[in-house]
Amino acid sequence: MNFIYGNLQVALDGLMTGALYALIGMGMALIFGVMRIVNFAHGAFLMLGMYATLVFYQPDVFAVQLISVLGRFGLPTPEFLTRMAQVHQFLNPYIAFLIGGALMFVLGYVIYLGLIRPIKGQEAFMVILVTMGLSLALVDAAQLVFGADYHQINMPLKDLNIHLGPHLLLNAPWLVSFGIALLLGFALYWFVMHTMFGRAARAVAQNRYSAPLMGINVNRVQAVSFGIGAAAAAIAGGLLLPMLYVFPFVGNEYRLKSFVMVVLGGMGSIQGAALAGLVLGLVENFTSRYWGNQWALVVDFVIFILVLSFKPSGIFGSQRA
Amino acid sequence: MALLEIKNVSKRFGGLKAVSDVCFSVDSGHMAFIVGPNGAGKTTLFNLITSVHHADSGTIIFDGRDITRFSPDGAAKLGIGRTFQIVKPLRNLTVLENVMLGAFLHTSSPAVAEREATRVLTFLQMQKAMHLPARGMGLPMLKRLEIARALATKPKLILLDEVVAGLPTTEALKLADLLKRLPEWGIAAIGGVEHVMAVVMKIADHIVVLDHGVLIAEGKPDEVVHRPEVIEAYLGPKYKEHMPS
Amino acid sequence: MSRNLQAAIAGAIVGIALLLPAFLHTDYTLQIIFRIFLFAALGLAWNWVGGYSGQLSLGHAAYFGAGAYGLALFARAGLPPWPAVGCAVILSMIFAALIGKVSFRLRGPYFALCTIAFAEVLRLTAKNLPNVTGGDVGMQVPALFKYSTTQSFYYASVLLTALAVALTYWIERARFGYSLMAIREDEDTALSVGINTPRTKLYALLLSAALTAIGGALYASMFLYIVPDQVLAMEVSTEVAIVAMLGGAGTLLGPLVGAITLESAAEIFKAWFQEAHLLIYGILIIVVVLFLPEGIVGTISRKLAVFKAAPIPPFTEKPRPGAKAETTRAAVLK
């Protein structure tokens, strides 16, 4: 009996993580689907989302760090920073992450127009390099501004555990994150499938050249899509706060995972990436349980390579590869 | 002896039957052209001959060998050269170097390749352009470059895919005259796909008409062109009453 | 810029480098120049796959690491240092064959991602098998030179670069080079002239992996100790690719110029912006991609080519800038 419950717990935890992966993957799939570009800065966006949530939730942490950085460069401390350093809790994290998402949307939009669109022909490799450079720059900037320390956040409700029967338990903040991630995932899916914008985005994804003939402003659609993708990553970052330490390099692992999801899910398919996210969460958790944590990422990549070798159109994808 | 034999070849792409049970052959010394309205399956047929796609059924025999399930490079090595409809020169290289690419099929010495390439380019009256970069060249030059590259591979059969498309008529006819001299190069036969009927009528001694993947007529140009089914394929049934009886 | 001019410049740089140790005495400076030439050689090796044949690999750390760990592992198994390097090269080529077989079938970004995945699998496996590789703690590497002074490694890296330059020069002129460039331009065209594209791509990759592995072994031996996050990191792969692209992928002189520029810039950044040097590095990458997509040598070549503007050949059509024109016309005249 214990065996079953033990595995059920692992599965449950896997699904919860998986939902968050799904959100990250959906963002990436949207970007890849609409623009055929591989966004190497996706992990950095996630990291920025985490920090944004942190800053709005507990401003003093950020303020103190920034004051010391400014001090090192010999710059005076602005008034608002000193006031910030005294505020221990500002916004509820569940509101803060939405603000982080909104900010990241704007940043993503601007990044797309400024850095990615100018690339001639949007050649995939060049975009990879640019987003890599962007990632390096963002991560290092974060290190400068926020410091390289690991932060752990005390979420509200962190000590509350919900029991499902006598054998299974769910940690409340995780459950809340899971619920929100599911909600947002469905919302994103609905948005892409049933709104005018979503239709425009799908049109651009299918044929970038005839889309303008139908009155679609391709640049704007692409920039907005990129913004949404970035926001998705940022929000997922915020939602991951209960589970992860916050530090500048936290995103690196997730960017590679999001590629795995996009490939697994099939070229640009949002639903596919979401399902792939859940699958990945499950697989990783079981791998960690039976083989140890360190092999989880390896298994991700092995799956990635296997899918590319035998079914490049993805497990859930159509034959359009 | 037929150099190229196409026997009951069919190819379907998803729901579309691009080529349906086509049979014809090209003899040594012939200049055969495949014509037909758009979407007739002409380029597909070329792709089947060079094994870019594999036929679903039927056989293709070249020089006595069954090449139905070959590979494009294998077909080239056997002696089938081809040009492409959309020209793809190596932009960063000169015209000469582009043609050397073809010459390298039969030699690994750059010096020999260069000599061969020069010969071919001289034949095609492109000597003056030999050392110019292929980037930024005009269409007539690029079309000749395609032919030059294919010629440098010393093919027995050369397949010309819409080789005069996009050229002004004077250019096209000049090129046609050059093509008529191809047999001097030891090329046993030529197959072409063409829309520009002026050229076809001028140089073909055998034409094959395709419509919707089906071979509807074949024979000498003057004769085939007047056949009712051919006219109907191009102009539609409405013009039936204008056709010669 | 003609091939011969580029080769002459490269030769001059190598020549100067061979003479420099007589004037430079600090170990630190020698190490910097060692790094420059090491990455120049790695960049030239990457170039055969990435520049000339257009297969943009971001997983070359796999071969670098195979060279480093190969040396360490084979030496520990009892082989003397140089034969161990030979075996490491073979190991690297085996990886290349496997990686190539899977990746070459993939288009565009999928290819790059697949190469990254393979390199990461190797890195993580090295980290996770402490009994074999020492895991994160690392492994000892034998000394390759009797007098393991920095000078020996310095000369070795310069010679490796010279070898790579010579190989590139030969490749550019020979049939192999033409085949590679045809593959980059359009694989269907390459096939139509009888080039066996999968095999040719594989040969380029095998050669590239071999040279990269030698570089890896050299690097490992210089520090006498390696850890996975150092020799199998994605940073190595990206640095190699950037060195080639910054200088000019597909050119002979490119990687050398790229390595000199990038390493010097990195040193300067480290000195000036201690904490923010990666930030500047990231910005540099962005600037290079946006403004110098053909690399330094590529851009210079293009600007110089303007002076070679040709007399119009005797045809009715004037040469047009770029071949886009004929596709439109062909489409219209159909």
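Me: In which helix of chain C is Leu122(C) found?
Reply: This is a predicted model, in which local features need pLDDT of at least 70, side-chain atom pairs count only at pLDDT 80 or more, and totals for chains, interfaces and linings use all residues. Residues are numbered from 1 along each chain as its sequence is written, and chains are lettered from A and ligands numbered from 1 in the order in which they are written. Helices (H or I, at least four residues) and strands (E, at least two) are DSSP runs numbered from the N terminus. On that numbering, Leu122(C) lies in helix H5 (residues 108-128).

Me: Is Leu122(C) buried or exposed?
Reply: A residue is buried if 20 or more other C-beta atoms lie within 10 Å of its own, exposed if 12 or fewer, and partly exposed in between, with C-beta atoms placed from the backbone. Leu122(C) has 24 C-beta neighbours inside 10 Å, so the class is buried.

Me: Which residues does Leu122(C) contact, leaving aside neighbours within four places in sequence?
Reply: Contact requires that the C-beta atoms of two residues, placed from the backbone, lie within 7 Å. For Leu122(C) and Ala62(C), which are 60 residues apart in sequence, the C-alpha to C-alpha separation is 6.7 Å. The contacts of Leu122(C) are Ala62(C), Gly65(C) and Leu232(C).

Me: Which element gives the most to the side of chain C that touches chain A?
Reply: Here 30 residues of chain C are in contact with 32 residues of chain A. On the chain C side, H5 and helix H14 (277-291) each supply at least two residues. The top contribution, 14 residues, is from H5(C).

Me: How far apart are the nearest C-alpha atoms of chain A and chain B?
Reply: Two pairs of chains are in contact, and chains B and C share the most contacts. Chain A and chain B do not touch, and their nearest C-alpha atoms are separated by 12 Å.

Me: Why is one side of strand E6 and of strand E10 of chain B left without a neighbour in the sheet?
Reply: The open sheet has six strands in the order E6-E7-E8-E3-E9-E10 (chain B), with mixed pairing; two strands pair if DSSP finds at least two bridges between them. Strands E6 (80-82) and E10 (214-219) of chain B stand at the edges, so each has a single partner strand.

Me: What is the bridge partner of Ile34(B) in E8(B)?
Reply: Strand E3 (residues 31-35) and strand E8 (residues 189-193) of chain B are paired in the parallel sense over four bridges. Within E8(B), the partner of Ile34(B) is Val193(B).

Me: Which residue in the hairpin of E1(A) and E2(A) takes a positive phi?
Reply: Strands E1 (residues 161-164) and E2 (residues 168-171) of chain A pair in the antiparallel sense over four bridges, and Ile162(A) stands opposite Leu170(A). Three residues lie between the strands, and the one with phi near 70° is Gly165(A).

Me: Is Glu162(B) buried or exposed?
Reply: Glu162(B) sits in the loop between strand E7 (157-161) and helix H6 (169-180) of chain B. Its phi is near 50°, a positive value in a residue other than glycine. Because 22 other C-beta atoms lie within 10 Å, Glu162(B) is buried.
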